[in-house]
Protein chains: 2
Amino acid sequence: MDMRAAVFRGPGEIAIEDVPKPALDAPTDAVVRVTHTAICGSDLWPYRGQEDRDVPSRIGHEPMGIVEEVGEEVRSVAPGDRVFAPFVTSCGECEFCRKGLHTSCVNGGFWGGEDGGAQGEYVRARHADGTLVRVPDRHADDEETLQAILPLTDVMGTGHHAAVSAGVDAGSTCIVVGDGAVGLCGVLAARRLGAERIIAMGHHEDRLALAESFGATDTIAARGEEAVERAQELTYGGANHVMECVGSTGAMNTAIEVCRPGGTVGYVGVPHGIEDDGLDIFGLFMDNISLNGGIAPVRAYADELLADVLGGTLDPSPIFTKTVDLDGVPEGYRAMDEREAIKVLVKP
Amino acid sequence: MDMRAAVFRGPGEIAIEDVPKPALDAPTDAVVRVTHTAICGSDLWPYRGQEDRDVPSRIGHEPMGIVEEVGEEVRSVAPGDRVFAPFVTSCGECEFCRKGLHTSCVNGGFWGGEDGGAQGEYVRARHADGTLVRVPDRHADDEETLQAILPLTDVMGTGHHAAVSAGVDAGSTCIVVGDGAVGLCGVLAARRLGAERIIAMGHHEDRLALAESFGATDTIAARGEEAVERAQELTYGGANHVMECVGSTGAMNTAIEVCRPGGTVGYVGVPHGIEDDGLDIFGLFMDNISLNGGIAPVRAYADELLADVLGGTLDPSPIFTKTVDLDGVPEGYRAMDEREAIKVLVKP
């Protein structure tokens, strides 16, 4: 049986094609009909030719939808349930899942291949009990709520991981480097954790305005040394908590430069170009700056963030500035690539 | 007035020359007659041409000696006192000194220049109250004790910083990468902090034997992938606490490879070559490994480590495997460069 899905056909080329629909394989699998998903900043790296990726390959890793079928060992979800899933699958039972580091799950993996990418009509969720997060029935069809939950599949959990990794706490002064979806969610996360002063650094006035509405107390739209100097002025020599939400060499080194000696950079942006261009390791070393973080174990944060979304105190949905259907996915990539949209919501 | 001191004259060239003797300049200065000092692994980087350094320049940064003269504002030491000092000076009063991050002192700096390098007859200690550590009179002339205290000027404090930065605690399993003086002191520090299992990785059988006498429970003398595999076998997939005590790209990346997902690499080796050769940032990112540490604030650790040395429970002096006088300093560099000596004690 076939379904329709987005397929990566090389840099700049996303096609909507008929592909095999995933079916149950293991007794711990579930098949989910995708109703909502999104295009991620990290999808743009292969799209821009800045990261290798198989051609052709299914793409998308932020699935939300309705469970269609479950294997016989699945206990936590049943057909008809509204669920979402993080950008990696996880068993929920290994050492690392128990520790809250689901991205290092010894049984988990990425979406794609025969399991399907999330930018498609169906996905097969491996280890459904560990991977899927159920949305309570009373909220299962409320479109506004669903759009606020969807970022928990990736960017909201990732922004939260940046804040946690940077040690942001009640009363903290922190700097958020990057005004993309992750940076904006990082601002929300820092505010949620009680940061008193949140300085957002970026390059786009409209996004920094959104950062302010999310809780940023100061914004810096400058670039390069001017931006660093402004951040150091505002913090009298750097912040103890810096959240790096981009992953480029420039952003990492800016984060190190605006961090106070002895402080912590929480980084969550997928590193690209850093091995070639050189991390400012001497800056880290001389100032005893800690580099914490990495790929965000968003499954670990899903329950607490979901509770806040359902409780009405957390709403990252304004990051979605454009909505497309499955046929509109190529246009969605174009719009994000050209920075017309912050993040694109896809309703297959 | 002149004195004799070691002078760096370019790669491979250390000369003993007559140079101006430092005198009091500020009211917070002290002049110290150096009785004991050492040659550091980091002195070897310029010696080997692997790091730029002014030619000519005074060298050495591990001074111990007798206070000869103090400025009128100095309160904590007086002429005749036995003192030692860390490899950087520090005021003891700024935000960073109060925080225990004396290496970021806003008033401090490195030895050398007109203050003198420690490989010479005298040094001028800036901010004497903050910089100098006094040895109690009853121990001030006990040569064995002094040789056990001398490493507190640098390598013992640095090894301790690696252990603290890696989060080593009672019951920990940790891996120490590097069997030089810092790595060996790192083993001592880990044992002192209560680590249960200490795996020392290095390339020299004699040094690893010393690591065992210092408390290493396992040693790995292999290189490259074989060494990494052995460490992963011993720890069933990596240690949560890894101490990087070299600073080279290879050692940093080995430390990342043997660190368990979610674990911490405490690094203290002066980075060299890493900007060019590339840190394994993807390894850090995918495994959420924290990189903590940097240049060691050994002044912060001096009091607690000194108490243990004086109490007889800490003795790093076996790292000194060769002793020279001032004229023997060039020979000391040669012996360390050719790895005949682990660390050279200098008695000017």
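**Entry 1: α6 and α7 in chain A**

I looked up which residues join these two helices in the predicted model: Leu184(A), Val187(A), Leu188(A) and Arg191(A) in α6(A) meet Arg207(A), Leu210(A), Ala211(A), Ser213(A) and Phe214(A) in α7(A). I took contact as heavy atoms within 4.5 Å. By class I noted six nonpolar, one polar and two charged residues. My classes put Ala, Val, Leu, Ile, Met, Phe, Trp, Tyr, Cys and Pro as nonpolar, Asp, Glu, Lys and Arg as charged, and the others, Gly among them, as polar.

For the geometry, α6(A) and α7(A) (residues 205-214) pack at an angle of about 15 degrees, with axes 9 Å apart. That makes α6(A) roughly parallel to α7(A). Angles under 35 degrees count as roughly parallel, over 145 as roughly antiparallel, 65 to 115 as roughly perpendicular and the rest as oblique. The axes are lines fitted to C-alpha atoms, for helices over the stretch in contact, and the angles run from 0 to 180 degrees between N-to-C directions.

My helices (H or I, at least four residues) and strands (E, at least two) are DSSP runs, numbered from the N terminus.

**Entry 2: ground rules**

I am working with a predicted model, in which local features need pLDDT of at least 70 and side-chain atom pairs count only at pLDDT 80 or more, while totals for chains, interfaces and linings use all residues. Residues are numbered from 1 along each chain as its sequence is written, chains are lettered from A and ligands numbered from 1 in the order in which they are written, and side-chain values use heavy atoms, with hydrogens and water left out.

**Entry 3: α5 in chain A**

Next I checked how enclosed helix α5(A) (residues 155-165) is: 10 of its 11 residues are buried, so the rest of the structure largely encloses it. Buried here means under 20% relative accessible area, exposed over 50%, and partly exposed in between (1.4 Å probe, protein chains only). Among the buried residues I listed His160(A) and His161(A). The cover includes α6 (181-192), β15 (259-267) and α12 (298-311) of chain A. Just after α5(A), I found Gly167(A) with a positive phi of about 75 degrees.

**Entry 4: α5 and α6 in chain B**

I moved to chain B, where the axes of α5(B) and α6(B) come within 7 Å and cross at roughly 60 degrees. The two helices are therefore oblique to each other, and their crossing is right-handed. By class, this contact has nine nonpolar, four polar and one charged residues.

**Entry 5: two histidines in chain A**

His102(A) sits in the loop between α2 (95-98) and β8 (109-110). At 11% relative accessibility, His102(A) counts as buried. Leaving out residues up to four places away in sequence, His102(A) touches residues including Phe96(A), Cys97(A) and Arg299(A).

I then turned to His139(A), in the loop between β10 (133-134) and α4 (143-149). At 19% relative accessibility, His139(A) also counts as buried. With residues up to four places away in sequence not counted, His139(A) touches Thr145(A), Leu146(A) and Leu310(A).

Notes:
Left-handed = near helix turned anticlockwise from the far one by under 90°.
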